[in-house]
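Hi,

Here is the structure I promised to pass on. Have a look at it first, and my notes follow below.

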Amino acid sequence: MKRLKDFEKDLNKCSKCGLCQAACPLYRMTANECVVSKGKFIMLHGVTKGDLKLSKNINKYLDMCLKCGKCNNFCPSGIDVCQILNTAKYEYMKTTFVNKFVKFVQSRLVFSNLISVFDLISKPFRKPFKSVSKSVLRLVYFKGCVNRIFPQNDNYINKIFKNSNIEIITPKFDCCGLPFLSEGNMERFVEVAYYNMKQLNVDYDYFVTDCASCESTISDYKNYIDCDNFVNSEKSINWGDLIAQSNMKFKFRKPLKVTFHKPCHLKSDTFFEKIMANCENVEYVKMTDYDSCCGLSGAFSVKNFNLSQKLIMQKAQNIIDTNADVVITVCPACVLGLKQGLLLSGSKIKVKSLLEFLSEGVE
Ligand code: SF4
Ligand code: SF4
C-alpha cells in the first residue's frame, strides 16, 4: 500500500498553473482554492515536507471533493489526483477514533453480509438469466451492490436480450470497493479488489457493468494491488456499449423526448446517440452541462450537504430546461441524485436507467 510520502514527486509536478480550477465544479461554485486539486496539493505537499500536520482542517477539504476526476482530465502534468487524495484520506483516518467504527461497518461481516442478505431476499423477484447452448458472446456481469439489492435490472436485461444468444455469467463478486476507498478504508478496498479479481478465473468476451463508478473503480485496481488477473480495459464495457454494438432496434408506443445525464466516471458516452438513433418515436435533446456531476457522490452529499444540494438543483434545472419526458443515465447512484433534484423542483420528468428505458421499447 502506498503512503502519501510516495507521491512527493507527483506533488512536486504540480506547476500551480490553475487549469484544474476551470474544470472543478466545486471551485466554480465556491471560488475557494482549497477545494480544488491545486490547493489540496499545496496543503499535502506541506504535509509530506513536514511543515503541516494532516489535520482535521485538511481532512475537511479532502472530503470536499466529488472525486469526479474532471481536474485529472485538464491537468497538463498528468497527476492522478484521486489516488493522492484517497491515500491522504487513508493516512488521516488511521489517526482517528471513528476509523474503527467505519472499518466495522464496512467489514465483510457487516457490509458484505448485509448486501448478500438483500440479494437473497430479492431473488424470487428476479428472473434468472437464460442458459444458452451455443452462445455468441460470453459476458461476465458485475452487478454492483445496488443491483444486487434491487431485482429489476436482471429483468430488464432478460427482456432486452431475449432474442440474443448471449451467456451471462455472474460470479460471486463483492462491492467494487469505491465506498471503502473514499472513506480511507484502504485495507478493505485492497481486500475486495483481490477478492473480485480472484472471481474472474473464467473465460469471457466482455466484462460488463451498468454502473460507471463500478467500472471505473475496477479499472483502477491496477494502481492499488499487484495481480495478474486484471480486467483487460478493451474487454471492459457497459450495457450501453454492447447494445450500441449489436445495433438493436427499439420502438416506443408514444412519442417521447429524452435527455441524457453522463455520470462523472463514464469513460465514453458515444453509445447513447447511436442507441437513440435506433429508437423509433424518441427525440434526444442534449442538456446544458450534460456531463456535470449530479451532486450526490456518496458521502459527499452528507458531509457537504449545502454544496451537494446546489449541484443537485442546478442539474435538475438543466434537465427541466430541455422539456424532456425522461432523463436517462447509466449509474444507479446518479438515478437517486437526479430523482431527488427533480422531486424537490416539483418536476414530473421521469428518471430511468438506460436498461429500464430500453426494456420498455422491446417489441
Ligand atoms: S475530483 Fe472533481 S471535485 Fe475533486 S478537485 Fe478534482 S474536479 Fe474538483
Ligand atoms: S492543473 Fe495540474 S499542474 Fe495545474 S494546478 Fe492543477 S493539479 Fe497543478
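The open sheet has four strands in the order β6-β5-β7-β8, paired in parallel (strands are DSSP runs of E of at least two residues, helices runs of H or I of at least four, both numbered from the N terminus; strands pair if DSSP finds at least two bridges between them). At the edges are β6 (279–284) and β8 (350–353), each with a single partner strand, so one side of each has no neighbour in the sheet. From one strand to the next the twist averages 40°.

A word on conventions: this is a predicted model, where local features need pLDDT of at least 70, side-chain atom pairs count only at pLDDT 80 or more, and totals for chains, interfaces and linings use all residues. Residues are numbered from 1 along each chain as its sequence is written, while chains are lettered from A and ligands numbered from 1 in the order in which they are written.

Back to the strands: β5 (residues 250–260) and β7 (residues 326–329) pair in parallel over three bridges. Phe260 has Ile328 in β7 as its bridge partner. Helix α16 packs on the sheet and touches β5 and β6 (contact: C-beta atoms, placed from the backbone, within 7 Å). Its direction makes about 130° with that of β6 (axes are lines fitted to C-alpha atoms, for helices over the stretch in contact; angles run from 0 to 180 degrees between N-to-C directions).

Finally, ligand 1 is surrounded by 13 residues, with Cys24, Cys65, Leu66, Cys68 and Cys71 the closest (C-beta atom, placed from the backbone, within 6 Å of the ligand).

Cheers

Conventions. Contact = placed C-beta atoms within 7 Å.
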